[in-house]
Amino acid sequence: MPQKKYLVTGGAGYVGSVVAQHLLEAGHRVTVLDDLSTGFLEGVPADAEFIEGRIQDAAKWLDSSYDAVLHFAAFSQVGESVVNPEKYWTNNVGGTTALLAAMRYAGVRKLVFSSTAATYGEPVSTLITETDPMAPTSPYGASKLAVDHMITGEAGAHGLAAVSLRYFNVAGAYGPSGNIMCGERHDPESHLIPLVLQVALGKRESISVFGDDYPTPDGTCVRDYIHVADLAEAHLLALDAATAGEHLICNLGNGNGFSVREVIETVRRVTGHPVPEVVAPRRGGDPAVLVASAATAHRRLGWQPSRADLAGIVSDAWAFARGRENAS
């Protein structure tokens, strides 16, 4: 495969850093653009060029030498978006508007966009497809859906080759040659697996289980977890599949789910630590089951997740969490 040059916006963040590493391992040149407002400099792969800057200013650096842009530079905290929606409109929508203009001016005509299952809102079915209704329940989800609409328009009007990948629950960690260096570290943390691992590390007394009376086998919510390395591989396939004038949208998930209690029990087994749990009231807007149909990604990208084992996902996340703890 000939070497290509890619701009990875938000490449100091969780998913962006893993995708940047995969691109480098495939022999490509990578420039990471990140303002480090939520990303971490140490997460940027050593062989990538790094630019500290905002996507609103992408025109300063983007030129015709780039073959494509992979866009991860978005704020992603659902709760924060409810109390500070203007932050999400300004960055996620306004920033992407500026990025698309910079790409158009520079003649860069290929984009892979980090979208989200939050665009669906309350699902109408347990196995979600790309044709299901779009009804986001937060400004975060609405901002991502707005960007998807923008990209569709850009593809139709200006011939952009674009793929949006709608993630479900991304988890795990990754590093070359077994060196786990890229993993989740949100502030504040809101994702289940790293929260449960914090309990195993003794950094949190217990994990809250929000509702144990759902119509599921053990009464707790079921979610579709996808390993971040599987996710990264889908982005490389999307670059090859992107077609001029088309905006392809694909769900990324394993097609099956694990309950909150299954996750907690898996963390106990993997870490060997007790994980006390406390049952709390249901949270509003939490569906019983959220599982993705990834049939479109399989058909159009040739993508198939290969790391669907929950214990493996947790093991990688645990290695990353312990590594950070030992380094502190």
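The structure is a predicted model in which local features need pLDDT of at least 70 and side-chain atom pairs count only at pLDDT 80 or more, whereas totals for chains, interfaces and linings use all residues. Residues are numbered from 1 along each chain as its sequence is written, and side-chain values use heavy atoms, with hydrogens and water left out.

The secondary structure of the chain comprises 9 helices and 15 strands, where helices (H or I, at least four residues) and strands (E, at least two) are DSSP runs numbered from the N terminus. The C-alpha trace spans about 55 × 45 × 40 Å along its principal axes. Of the contacts (heavy atoms within 4.5 Å) between residues at least 6 apart in sequence, 77% join residues at least 24 apart.

Of the 328 residues, 52% count as buried, a term that means under 20% relative accessible area, with exposed meaning over 50% and partly exposed lying in between (1.4 Å probe, protein chains only). The chain exposes about 13700 Å², of which carbon and sulfur atoms supply 51%; these areas come from the Shrake-Rupley method with a 1.4 Å probe.

A search of the whole structure finds 2 aromatic pairs, and ring pairs link Phe75, Tyr88 and Tyr140 into a cluster. Rings of Phe, Tyr and Trp (its six-membered ring) pair if their centres lie within 6.5 Å, and planes under 30 degrees apart count as stacked, over 60 as edge-to-face and the rest as tilted. The rings of Tyr88 and Tyr140 have centres 6.5 Å apart and planes at 80°, so this pair is edge-to-face. It links distant parts of the chain, since Tyr88 belongs to helix 3 (residues 85-106) and Tyr140, 52 residues apart from it, to helix 4 (residues 139-158). Both Tyr88 and Tyr140 are buried.

Pro281, by contrast, counts as exposed, at 66% relative accessibility, and is placed in the loop between strand 14 (277-280) and strand 15 (289-292). Leaving aside residues up to four places away in sequence, Pro281 touches Phe210 and Gly211. Pro281 and Leu62 are 219 residues apart in sequence and, C-alpha to C-alpha, 49 Å apart in space.
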